[in-house]
Amino acid sequence: MAVLLLAAAGRSPGNAAHLIDVVRRLSGGIFSLPEHTVYHALHRLRNNRLMRVSWEDGTRRYLLTPLGERVLETRRREWAAFSEGMDRVLDAGSPRDR
């Protein structure tokens, strides 16, 4: 969940409800994050200095820190390598490869 929140905040900083909506919208409804769990995850991300909070018009906005941006980019590269490997293995079993 943390990487989803980092990606959402990197795309569109906002409060917890906004980040939940961004994740839901971008995933086509596949990911519907429970609000209470998101608050705990955001707290951990702040404690780990991956996110910071700014206040705008009395509203809390979660933003990535430079460290959070680096971690997100690392996770993106790891996911790309993982999914490429999975695709290769899964496609190797397809009838067209026999």
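## A guided tour of the predicted model

Begin by selecting helices α2 and α3, whose axes come within 10 Å and cross at roughly 110 degrees. Axes here are lines fitted to C-alpha atoms, for helices over the stretch in contact, and angles run from 0 to 180 degrees between N-to-C directions. Angles under 35 degrees count as roughly parallel, over 145 as roughly antiparallel, 65 to 115 as roughly perpendicular and the rest as oblique. Helices (H or I, at least four residues) and strands (E, at least two) are DSSP runs, numbered from the N terminus.

Two remarks on the model belong here. This is a predicted model, in which local features need pLDDT of at least 70 and side-chain atom pairs count only at pLDDT 80 or more, while totals for chains, interfaces and linings use all residues. Residues are numbered from 1 along each chain as its sequence is written, and side-chain values use heavy atoms, with hydrogens and water left out.

**First stop: where α2 meets α3**

Display the side chains of Ala16, Leu19 and Ile20 in α2, which meet Glu35, Val38, Tyr39 and Leu42 in α3. Contact means heavy atoms within 4.5 Å. The residues of this contact divide into 6 nonpolar, no polar and 1 charged. In this count, Ala, Val, Leu, Ile, Met, Phe, Trp, Tyr, Cys and Pro are nonpolar, Asp, Glu, Lys and Arg are charged, and the others, Gly among them, are polar.

**Second stop: the buried face of α2**

Keep α2 selected and colour Ala16, Leu19, Ile20, Val22 and Val23, which are buried. Buried means under 20% relative accessible area, exposed over 50%, and partly exposed in between (1.4 Å probe, protein chains only). Turn the view to look down the axis of α2: its buried residues fall within an arc of 160 degrees, so they line one face of the helix. The arc is that of the directions from the helix axis to the C-beta atoms. Against which elements do the buried residues of α2 pack? They pack against α1, α3, β1 and β2.

Next, select α1 (residues 2–11) together with α2 (residues 16–26); their axes come within 9 Å and cross at roughly 100 degrees. The two helices are therefore roughly perpendicular to each other.

Ala2, Leu5 and Leu6 of α1 touch Val38, Ala41, Leu42 and Leu45 of α3. This contact comprises 7 nonpolar, no polar and no charged residues.

Within α1 itself, highlight Leu5, Leu6, Ala8 and Ala9, which are buried. They cover an arc of only 165 degrees around the axis, which puts them on the same side of α1. The buried residues of α1 pack against α2, α3, β1, β2 and α4 (66–92).

Move to strand β1 (residues 51–56) and strand β2 (residues 59–64), which pair in the antiparallel sense over 6 bridges. Two strands pair if DSSP finds at least two bridges between them. Select valine 53 to find tyrosine 62 of β2 opposite. In strand β1, select glutamate 56, which counts as partly exposed at 42% relative accessibility. The C-alpha atoms of glutamate 56 and asparagine 15 are separated by 10 Å, although these residues lie 41 residues apart along the chain.

The hairpin has 2 residues between the strands, and there aspartate 57 takes a positive phi near 55 degrees. Is aspartate 57 buried or exposed? At 79% relative accessibility, aspartate 57 counts as exposed.

**Last stop: two loop residues**

Select arginine 49, in the loop between α3 and β1. Arginine 49 has a positive phi of about 60 degrees although it is not a glycine, and it is exposed, with a relative accessible area of 61%.

Finally, select threonine 65 in the loop between β2 and α4. Threonine 65 counts as buried at 11% relative accessibility. Leaving aside its neighbours within four places in sequence, threonine 65 is in contact with Arg49, Leu50, Met51 and Arg52.
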